[in-house]
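Here is a short report on one protein model.

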Amino acid sequence: MPATSPLCTRGTACGDGLGVCTVPLRCLRGDRCTAAVRLGTDKRHITVGAPADRALCPTCERAVADVLRQVPQLYVDLEQAMPNRVTVNGGGKTTARTGSPLLTNGRALHLQETVHQLLTAWEDIVRDTAGLSMVLRRDQDPWERSFRRPVAGRETQRAAELLGFYLTAWLVHAPVEYAITATTADPDDPRAEPTDEPQYVVQAGWQAASALLDWRGRVRSALGQTRAVVQRDEPCMWCEVRAVTETAGDDVVRCENCQHTWTRDQYAALVRGFEPYLRKLAKTTKGTPKP
């Protein structure tokens, strides 16, 4: 059974009058949860996070682990999105990545800086919590000069590897305060301005992990890699959770909860064979089919 809140803010007005909340805990990513479910009637419904024993549901935790493994490649993809600067030397051409934010892809540069600051800050926090040796970084502003960007890439990769190894310790970490600087402005935020003044962030581990999941979505959008993902109405016939998705262009249907996969033809045949069972199951599992 999913965990329940130990105390309810309604006090004795809640549940059995003892102030113990009987509402199951849900993934705190809410409608952004990877295995989000829909609750309500045909006329009115809401999308909520999947049942969870911790701040993030198991599906979102697995998604965080996947993103940490993908960070190095996504970082390189952002670097490849930078425009080239071509100089001519004695009849030959030399191609180099531009270093100034004014002469480069501002969105890609901002996304690189964002993930570098997020992961290296939390690497230091988790290292301190786990009693590990700290990382000595000689330059805290790797975005001012182009030759520092590869160093920032290696730091980001190492941070992703450590957080993946200490994933649970990261996800359950209590809120902490740390400082960031907006060396590059977010092109998607008209109010954002670069500043060397530190901005203090108070963040729990699960919130940082959730921000990382959002970061991957922004990277894919910036690189033109976003593909439509449709969640099917019927629950998974293996784990009975409504988390079966289809991604445009893929020949694979996947359950995001148990990670079971089928080809589209296999799944279509199975759904036809299990249709009466799935209709009955949909009435008793988490959420209700979309109207």
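What percentage of the 291 residues in the protein do buried residues make up? They make up 39%. Buried means under 20% relative accessible area, exposed over 50%, and partly exposed in between, with a 1.4 Å probe and protein chains only.

## Basis

This is a predicted model: local features need pLDDT of at least 70, side-chain atom pairs count only at pLDDT 80 or more, and totals for chains, interfaces and linings use all residues. Residues are numbered from 1 along each chain as its sequence is written, and side-chain values use heavy atoms, with hydrogens and water left out.

## Overall makeup

The protein has six helices and ten strands. Both are DSSP runs numbered from the N terminus: helices are H or I with at least four residues, strands E with at least two.

Residues 24 or more positions apart account for 56% of them.

## H1 against H2

The axes of helix H1 (residues 58-80) and H2 come within 9 Å and cross at roughly 150°. Axes are lines fitted to C-alpha atoms, for helices over the stretch in contact; angles run from 0 to 180 degrees between N-to-C directions. H1 is therefore roughly antiparallel to H2.

The crossing of H1 and H2 is left-handed, meaning that the near helix is turned anticlockwise from the far one by less than a right angle. From H1, Leu68, Val71, Tyr75, Leu78 and Glu79 meet Ala108, Leu111, Gln112, Val115 and Leu119 in H2. By class, this contact has eight nonpolar, one polar and one charged residues. Nonpolar covers Ala, Val, Leu, Ile, Met, Phe, Trp, Tyr, Cys and Pro; charged covers Asp, Glu, Lys and Arg; the others, Gly among them, are polar.

## H2 against H5

Helix H2 (residues 106-130) packs on helix H5 (residues 205-222) at an angle of about 160°, with axes 11 Å apart. The two are therefore roughly antiparallel. Their crossing is left-handed.

H2 contributes residues including Arg107, His110 and Trp122, and H5 residues including Gly205, Trp215 and Arg218. The contact of H2 with H5 divides into eleven nonpolar, three polar and two charged residues.

## Cysteines

How many disulfides does a search of the whole structure find? It finds zero. A disulfide is a pair of cysteine sulfur atoms within 2.5 Å. The sulfur of Cys33 is 3.5 Å from its closest cysteine sulfur, in Cys57, which is too far for a bond.

Cys33 is buried, at 6% relative accessibility. Cys57 is buried too, with a relative accessible area of 1%.

Key:
Angles under 35 degrees count as roughly parallel, over 145 as roughly antiparallel, 65 to 115 as roughly perpendicular and the rest as oblique. Contact means heavy atoms within 4.5 Å.
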